Amino acid sequence: PKHLSDALIHEGVITGKLEHPGIVPVHSLALDQAGRPVVVMKRIEGVEWGELLKHPEHAAWSDWLGEVTAENRAEEILMRVSEAVHFAHSRGIIHRDLKPENVMLGRFREVYLVDWGIALQIEPGQATLGLAGTPACMAPEMVRGGPVDSRTDVYLLGATLHHVLVGSYRHAGESISDVL
């Protein structure tokens, strides 16, 4: 469908503007012979941070061992995610869906912030309206459909830290309405 094509192009354009070690590079964005979008990105070999948090004994954690405690490991990962977010903000881009499931950890301690599909590019001083994201992590202004800006991502980083420390999402409930 057209809207899926538009979403893929949007994500490719946004991600392509963010050349940073913590963001997967876009090598090419084009249309194929049938007019369908094609995004060529660096292949990431790794595991979602969210998956590793669910399974503390996961074999992929061995790539992050050594003299590092679980707390120091989480601190290092979150710092690197924060650096990628700060870089995006310097380019006027708000991610809006920060959570452990959108962080990929590689075998050689690479940390990538992924899934820029609902990211927005805003001009300095401009606030943007819109409801999007993961309900269990959303900042209050996102729930209200109010303006979002870089502070929204800062809230989402805090919600990610909460998830890492407590083992659950920031907002919980029996239904989407309860969570919101």
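1. Let me start with Asp 32, which is partly exposed at 25% relative accessibility. The Asp 32 side chain meets that of Arg 36 in a salt bridge, with 2.9 Å from N to O. That pair belongs to a structure that holds six salt bridges. As a reminder, side chains of opposite charge can pair when their charged atoms come close.

2. A friendly word on confidence before going further: this is a predicted model. The chain has a mean pLDDT of 85, and 91% of its residues reach 70 or more. Among the elements, strand β6 (residues 111-113) has the highest mean pLDDT, 97, while helix α6 (residues 176-179) has the lowest, 72. Where pLDDT is low, the predicted coordinates should not be read in detail.

3. Glu 76 and Arg 80 form a salt bridge, and their closest N and O atoms are 2.9 Å apart.

4. Arg 109 counts as partly exposed, with 25% relative accessibility. Taken together, Glu 76, Arg 80 and Arg 109 are linked in a network of salt bridges.

5. In the hairpin of β5 and β6, four residues lie between the strands, and Arg 109 takes a positive phi near 65°. The two strands run antiparallel and are joined by three bridges. Within this pairing, Val 103 stands opposite Leu 113 in β6.

6. Strand β5 (residues 103-106) has another neighbour to trace. Strand β3 (residues 46-48) pairs with β5 in the antiparallel sense, over three bridges. Here Gly 46 stands opposite Gly 106 in β5.

7. Which way do the residues of strand β5 point? Val 103 and Leu 105 point one way, Met 104 and Gly 106 the other way, and all are buried. For background, in a regular strand the side chains alternate between the two faces of the sheet.

8. Finally, the surface. Which residues make the nonpolar surface patch of about 300 Å²? The patch is made by Ile 9, Val 13, Leu 29 and Leu 31. Helix α1 (2-16) and strand β1 (26-31) are the elements that give two or more residues to this patch. Val 13 lies in helix α1 and is partly exposed, with a relative accessible area of 34%. A patch residue needs over 30% relative accessible area, so Val 13 at 34% passes that cut-off.

Technical notes
Residues are numbered from 1 along each chain as its sequence is written. This is a predicted model: local features need pLDDT of at least 70, side-chain atom pairs count only at pLDDT 80 or more; totals for chains, interfaces and linings use all residues. Side-chain values use heavy atoms; hydrogens and water are left out. pLDDT is the predictor's confidence in each residue, from 0 to 100. Patches are made of residues with over 30% relative accessible area and no salt bridge: like charges are joined within 9 Å, nonpolar side chains (Val, Leu, Ile, Met, Phe, Trp, Tyr) within 5 Å. Accessible areas come from the Shrake-Rupley method with a 1.4 Å probe; for residues, only the protein chains shown count as cover. A salt bridge is a side-chain nitrogen of Lys or Arg within 4 Å of a carboxyl oxygen of Asp or Glu. Buried means under 20% relative accessible area, exposed over 50%, partly exposed in between (1.4 Å probe, protein chains only). Two strands pair if DSSP finds at least two bridges between them.
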